[in-house]
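Here is a short report on one protein fold. Look at the sheet, then at the charged pairs.

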Amino acid sequence: MTQALMSPAALQAKIPEIFAPWIIAMELRVIEVLPGEVLLSMPVKPDYVHVGGVMCGQAAMAAADTAMVLALTAELGEFKPMTTVQLQTSFLRPVSSDQVLVRAKVLRRGKSLAFGSIDISSPDGKLAVQATTTYALLA
């Protein structure tokens, strides 16, 4: 039996249940949920912009990590305890737009580990950040 996909609204409702207040304040919005994949939008707030006039890497890494937790939650059909084991991030180009798109894909999910990739793009589709992750599934 195939598990029904979690709706974007249902996944959005999980954000305040799962994440710390400062992550909730990032205002990530679930746009699309596909099997093993989510697409989010995130405003690039002035607080995320460093002296160079572009989004700082810390904001990108927080968005990437959050997106993958949401992708795994959608794949599992519910949130289950997990922790980030590894988050490797490559910054390919600066982001100077007022929003970004964050696409997280579950590459493989085993019994105790899950692997994923995250692409962060500017609204025009130019890839700005690419990350890979490993999560320990705790329950």
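Two strands pair if DSSP finds at least two bridges between them. Strands here are DSSP runs of E with at least two residues, helices are runs of H or I with at least four, and both are numbered from the N terminus. This is a predicted model, in which local features need pLDDT of at least 70, side-chain atom pairs count only at pLDDT 80 or more, and totals for chains, interfaces and linings use all residues. Residues are numbered from 1 along each chain as its sequence is written, and side-chain values use heavy atoms, leaving out hydrogens and water.

Six strands form an open sheet in the order 1-2-4-5-6-3, with antiparallel pairing. Strand 1 (29-34) and strand 3 are the edge strands, each pairing on one side only. From one strand to the next, the twist averages 20°. Angles run from 0 to 180 degrees between N-to-C directions, and axes are lines fitted to C-alpha atoms, for helices over the stretch in contact.

Strand 2 (residues 37-43) and strand 4 (residues 99-109) run antiparallel and are joined by seven bridges. Glu37 has Lys105 in strand 4 as its bridge partner.

**The helices**

Contact means heavy atoms within 4.5 Å. Helix 1 (residues 8-18) lies across strand 1 and strand 2, at about 130° to strand 1. Helix 3 (residues 57-76) lies across strands including strand 5 (113-121) and strand 6 (127-137), and runs at about 50° to strand 4.

**The salt bridges**

A salt bridge is a side-chain nitrogen of Lys or Arg within 4 Å of a carboxyl oxygen of Asp or Glu. The structure holds six of them.

| Pair | Closest N to O |
|---|---|
| Lys14 and Glu17 | 3.7 Å |
| Lys80 and Glu78 | 3.9 Å |

Lys14 and Glu17 are three residues apart in helix 1, so about one helical turn separates them. Glu37 in strand 2 and Arg103 in strand 4 are 66 residues apart, and their pair links distant parts of the chain. Glu32 joins Glu37 and Arg103 in a network of salt bridges.

Buried means under 20% relative accessible area, exposed over 50%, and partly exposed in between (1.4 Å probe, protein chains only). Is Glu37 buried or exposed? Glu37 is buried, at 15%. Arg103 is partly exposed, at 25%. Glu17 is exposed, at 59%, whereas Lys14 is partly exposed, at 22%.
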